[in-house]
There are 2 protein chains.
Amino acid sequence: MKYSNLFGKTIKQTKKDITAVSHKLLHQGGFIRENVAGRYFMLPLGMRVRQKIINVIREEMNNSGALEMLAPTLHPLELWKETNRTNETGFELTTVTDRRGAEFALGGTAEEMFVDLVRNFKLSYKDLPFNIYQFSTKFRDELRARYGLLRTREFTMKDAYSFDADEESFKKVYALMAETYTKIFEKMGLKTYIVAADNGYIGGEYCHEFVVEHEIGESRFFVSEDGNYCAHEDIAKFKREEINTREKEKPFEVFDQPQWVQTMEDNQKHYKLPASRFLKNVVYKNRTTGEIIIAVTRGDLEVNKSKLEHVLNLVGQLEDATEEDLHKLGTKTGYVHSWGHKAKYIGDLSLTTVKNFIGGQKEDTTDSRNVNYGRDFKCEMLADIALAKAGYLTENGKSKFVEKLGIEVGNVFQLGYHYTKKMHDATFIDKNGKEVPYYMGCYGIGIERTMAAIAEIYNDEKGIVWPEIVSPFKVHLLVIGLEDESVKKRAEEVYKKLLESGVEVLYDDREDVTAGEKFADADLIGCPYRVVVSKKTGDKVEVKRRGENKVALHNLTDLEQIVQRQMI
Amino acid sequence: MKYSNLFGKTIKQTKKDITAVSHKLLHQGGFIRENVAGRYFMLPLGMRVRQKIINVIREEMNNSGALEMLAPTLHPLELWKETNRTNETGFELTTVTDRRGAEFALGGTAEEMFVDLVRNFKLSYKDLPFNIYQFSTKFRDELRARYGLLRTREFTMKDAYSFDADEESFKKVYALMAETYTKIFEKMGLKTYIVAADNGYIGGEYCHEFVVEHEIGESRFFVSEDGNYCAHEDIAKFKREEINTREKEKPFEVFDQPQWVQTMEDNQKHYKLPASRFLKNVVYKNRTTGEIIIAVTRGDLEVNKSKLEHVLNLVGQLEDATEEDLHKLGTKTGYVHSWGHKAKYIGDLSLTTVKNFIGGQKEDTTDSRNVNYGRDFKCEMLADIALAKAGYLTENGKSKFVEKLGIEVGNVFQLGYHYTKKMHDATFIDKNGKEVPYYMGCYGIGIERTMAAIAEIYNDEKGIVWPEIVSPFKVHLLVIGLEDESVKKRAEEVYKKLLESGVEVLYDDREDVTAGEKFADADLIGCPYRVVVSKKTGDKVEVKRRGENKVALHNLTDLEQIVQRQMI
């Protein structure tokens, strides 16, 4: 393509409110434009990258035996009601009513749609297993869209849904998908961590995120130093070390405490003891029922709300209690008791690692001490509700956590019977002629986020450095000194020859910009090979790989051979 | 692909309410499934056809120099307000409000979006012209979805938008697009009529539909016998032949008329005169303002509401007046006057072709006669508002109209300044440094409707007969007698060899169905080559082209050569 014919050319500067590197470079390079917050146009250059990412995914998905299809964008709301997902928060479902009054959801995911399709087929075990997928627009009514393509309100997703006869068969698909995903991302130059994570709004019992490590990412996860464990902070299991369990239990007592002792810091200062010796209470409210939940944990730990929600089977349902909520409970901030309020008490596993806790019953000038879990108070249950942190030990105590941040580019979910038992008739006929629910999984890759992740990883101070497989063009051809007829003719010839050999070329044929501007644009756009034709290059061309400094003269045949070698 | 692994297999029968042939065959063959009325799943087989159609269109669009990109699905409603399209009917716009209260339209077309994108670039004449297009989901809240993929509420459209400096430059693009479309449809085996049509809701001054002739189609158009004229019924211009213009004007009079003379038929019977000698009135109401419009025409003609709306610049705004509306006007059905009511009168051009009309002032036992347009009554204007019919003459009187029905698979619209003058700052900098609005056109192709059109045209009593370029697979490989190990081995070998040669093969490897069923399914699915491996075929294979009866034995090398020859 001739650059002069391109719609969406590079610009010198981006707006100041653009902070993420990928956002800045994709905007400046003419790949994308924002329409309104979180909704983007793919410009022709961006479209080429997007299409190449799709091609890589499609090829590997097809290789895995998955079958591409396409579901409608509008989902009948009644299907979402069937699984009760209309009442759950998570994707912030947007709904729409048509002129006949029929209600639809703008799909953020399509489990119900695919189950509805499949159940209408009345299949038998002979038709199983299968894995069907689509590339389609997804809608998420995010409160805060940000970082360009990294968090948008509308994006393209490859979403796959597998249907198996049983768990055993499913596990093979799950493993195959994980393998396929690793291959897909590797092909595009992305090293991914496979991070055990919380199924959240999607449901099911386990899942894994594919995460590209990067500080801009919103996925916080932990990898053990021995490499044997990798989990998202919302499910990361760690060992609660025993603090003083050999100590004898002393008699429980309420005792005087100076009024200035209010916070955990005050406690540590006053008692000269580590935070682990105190009780800590964090209060939440179920946003639907209004029920108050008090999470009780060891003073050195923090509560992870997602873990707590998971334990209570209240995904997305908890919010921080307000001062007014505490008032209704008959208390206030800093004075919440570890027992006795009209609330549901959930304790962290750490409560059994300490003898003779201080705290639990704070009043203005008193508190309790020598508090022992089991003897003096009991929660409704003890569970893993505390936040993991760097340096914590793995459950087996053998290795330390290293904290990482990353961009979630894909995920694989075990769904099991989560949908097929909630939705009527989501069954197949088994070998015995019995109707049995399908055992399911689902598998997503965010296309535009993958594009942003690649741009975040592959760039330098001059622009993007596209991995060859997703680059908009393979060769960025520059001509310098167009006023010289012979140079112009030579450039046109090189352009034509490369096109004839099937090489994708972006040919900067502009007459009114300087050589410097052309070089800068080539670096910004980031195609793997910069090829220059000028008076100086004679019957050769000057070739430079993006990201390298080496410049070499080659003849056209050599050039063709060089660029035909596919590399990442 | 092995048929046993296919999701979405053929079925023996479709539901009775499926009437269109394409709908029936696409359903039965396992290409599509309806989710809810007018919204379809593309199953894996259908997806392959859809992708091939897209590939053909993409290739030719790119050849034309158009650039592919992608706009968001949700359009900020304020853009549609800028052009006042929120208040017009046409696409039956569906709107949605997000959690922050922002309103969006589910796009049925994307002129405003593309203009909004382009105007933010602040381009100059040097960046022009360009033509940008996308494949994207479109939403139309159709009152009646029907005939499967022929009229849906959600579909994929290739929509292109061209931006030119002036009309002269635009006309080249318009011609190029018409040429490109013809090529696209021809490649897929579709002969299209290029039908001049009404711009309707899209706006602009002229447009052309690409129509595949077929009785199921909803586009009614006329082609002159001499082939020089082709126009949609809503704009078809025809000659109003002079009826009795040489007759002398007689004195206007109100006279007695028997009470039974009510309808046009009664008139003809009573007066023994042709319908053309009488006046006819048709009453409409502006659905927004409530204004009454009375269309007056020669008794042998009918009013075309679209033509009338076009004349009044009230596209989609007129509805038939009710008895109550007539009552308010002081009249009733059959008693409407050709003048004098509190209404806007629009006359058809035919009113000047008759002297001494009968009618125009009907009461219970009287009417008027010797009514002459201009002398006795006058409409606000005379215009082309009558419905064309088969046998009518072209405007120059030289050729007769032949009526045709067809499926509109594409369209090209001149938009001119329709959007760029309504939307602020939709300008570029011209050679003199002046800000000038873009001159636009837009160009659409309905992907799924094209698929349905192909299936309507290419089928026989046994199933679909896909043109090779859009067929889901090139070869449908059948194995008969799988219980024989050598046959099974041979079939696997043929399958593998064909795949290795890059031939797309659907391999019916089922063990539990009869040869007859396999043949029937191959005919139903409609791939161009049926290849059979059986005990009988030995080291050869039996090859039959779909739609032909000739069966021949070939060796594998010959087969590969045969199927590599691309044909339509």
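Helices, counted from at least four residues, and strands, counted from at least two, are DSSP runs numbered from the N terminus. On this basis, chain A of the predicted model contains 12 helices and 31 strands. The C-alpha atoms of chain A occupy a box of roughly 100 × 65 × 50 Å along the principal axes. Of its 568 residues, 46% are classed as buried. Among the contacts in chain A that link residues at least 6 apart in sequence, 71% connect residues at least 24 apart.

The domain assignment divides chain A into three parts: domain 1 (3-236 + 403-455), domain 2 (253-383) and domain 3 (473-564). A distance of 68 Å separates the C-alpha centres of domain 2 and domain 3 of chain A.

The arrangement of the two chains was then examined.

The contact between the chains draws 35 residues from chain A and 35 residues from chain B. On the side of chain A that touches chain B, at least two residues each are supplied by strand 1 (32-36), strand 2 (39-42), helix 2 (44-63), strand 3 (67-68), strand 4 (74-76), strand 5 (94-97) and strand 7 (130-139). Strand 2 of chain A provides the largest share of this side, with 4 residues. By class, the residues of chain A on this side comprise 20 nonpolar, 7 polar and 8 charged.

A helix pair within chain B was also described. Two packed helices are characterised by the angle between their axes and the distance between the axes. The axes of helix 1 (residues 21-28) and helix 9 (residues 447-457) of chain B come within 8 Å and cross at roughly 100 degrees. Because angles of 65 to 115 degrees count as roughly perpendicular, helix 1 and helix 9 of chain B are roughly perpendicular to each other. In this pair, Val21(B), Ser22(B), Leu25(B) and Leu26(B) of helix 1 meet Ala452(B), Ala455(B) and Glu456(B) of helix 9. The contact of helix 1 with helix 9 of chain B has 5 nonpolar, 1 polar and 1 charged residues.

Note on methods: Residues are numbered from 1 along each chain as its sequence is written. Chains are lettered from A and ligands numbered from 1 in the order in which they are written. This is a predicted model: local features need pLDDT of at least 70, side-chain atom pairs count only at pLDDT 80 or more; totals for chains, interfaces and linings use all residues. Two residues are in contact if their C-beta atoms, placed from the backbone, lie within 7 Å. Ala, Val, Leu, Ile, Met, Phe, Trp, Tyr, Cys and Pro count as nonpolar, Asp, Glu, Lys and Arg as charged, and the others, Gly among them, as polar. A residue is buried if 20 or more other C-beta atoms lie within 10 Å of its own, exposed if 12 or fewer, and partly exposed in between; C-beta atoms are placed from the backbone. Axes are lines fitted to C-alpha atoms, for helices over the stretch in contact, and angles run from 0 to 180 degrees between N-to-C directions. Angles under 35 degrees count as roughly parallel, over 145 as roughly antiparallel, 65 to 115 as roughly perpendicular and the rest as oblique. Domain bounds come from an automatic or database domain assignment.
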